[in-house]
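I opened my notebook to look around a protein model, one step at a time. Here is what I looked up.

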Amino acid sequence: MSKIYLALYLLLFFLGSCNQKNKEDNNKMIQNTEQQTIDSLSIQNKNVSQSGQKDAAEEWLKNIFKTKDSDQFFPEYNVEEKLCTKRFQEFISESGELYGPSNLTDAEFPVAEKEYKAKWSKIYPIEEREMWLFGRGNGDVGELKELKISKNKQGIYDVFIDYGNGVKTQNEVVVVFENGNYKIDYCKTQFLN
């Protein structure tokens, strides 16, 4: 009987060590993927700047505001789906459900807010307000009064937008290279007076 217990114990020990090794390998893989994205952006931008051309991510960011008729046109409605990483898009959506118009009762809100903060606080800064990309509202924006985009540092850009009618935003935008495309992975928006 003791040989059976010993064999079971060794089998469980072996399986447990394999599971721990898989978790460590998965964590290393995630970290390596993130670093490869940063390295890829660095190499692309280094190659672009050595050839005298502009930063590719900055050009992508500028091009999202261009149409055949304008260099200062806000992209069509629901831009988050097209321009943002899936993770950031989900973050924005959950922020809107929680801090925007909501069907949550007074009793449900604190529970939902606690879950939201637990899920996102280690990934993105939590702002207790409804957030949409570049501070846009829910309507069709169209032509912008003024648009300025400049590189802050590698992968981070400053985007100033004057929507007209006294609505202006200053945005700090994080651009990443994901699955062969540039995407916005965070946008901190400040409304200006």
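**Entry 1: neighbours of one residue.** For this entry, contact means heavy atoms within 4.5 Å. Which residues does Ile-184 touch, leaving aside its neighbours within four places in sequence? I found Trp-60, Leu-61, Leu-83, Cys-84, Thr-85, Phe-88, Leu-133, Phe-134, Val-173 and Val-174.

**Entry 2: the core.** Next I looked up the largest nonpolar core, and it has 34 residues. Ile-184 is among those with the most contacts inside it, along with Leu-61, Phe-65, Phe-88, Leu-133, Phe-134 and Val-159. Helix 4 gives the most, with five residues.

**Entry 3: helix 2.** Which residues of helix 2 are buried? I noted Ala-57, Glu-58, Trp-60 and Leu-61. Looking down the axis of helix 2, I saw that these buried residues fall within an arc of 155°, so they line one face of the helix. A reminder to myself: an α-helix has 3.6 residues a turn, so residues three or four places apart point the same way. I also checked the N-terminal end of helix 2, and Asp-55 caps it. A side-chain oxygen of Asp-55 lies 3.0 Å from the backbone nitrogen of Ala-57.

**Entry 4: cysteines.** I looked for disulfides and the structure holds zero.

Entry 5: The mean pLDDT of the protein is 79, and 70% of its residues reach 70 or more. Where is confidence lowest, and where is it highest? I found the lowest in helix 1 (residues 2-50), at a mean of 48, and the highest in helix 5, at 96. Over residues 29-34, pLDDT stays under 50 and the model has zero contacts beyond four places in sequence. Over residues 43-52, pLDDT also stays under 50, but there the model has eleven such contacts. My last note: where pLDDT is low, the predicted coordinates should not be read in detail.

Note on methods. Residues numbered from 1 in each chain as written. Predicted model: local features only at pLDDT ≥ 70, side-chain atom pairs only at ≥ 80, totals over all residues. Heavy atoms only, no water. Core = buried A, V, L, I, M, F, W, Y, C linked by side-chain atoms within 4.5 Å. Buried < 20%, exposed > 50% of the residue type's maximum accessible area, 1.4 Å probe, protein only. Helix = DSSP H or I, 4+ residues; strand = E, 2+ residues; numbered from the N terminus. Arc of directions from axis to C-beta. Polar contact = N/O pair within 3.5 Å; in protein donor to acceptor, adjacent residues only side chain to side chain. Disulfide = S-S within 2.5 Å. pLDDT = per-residue confidence, 0-100.
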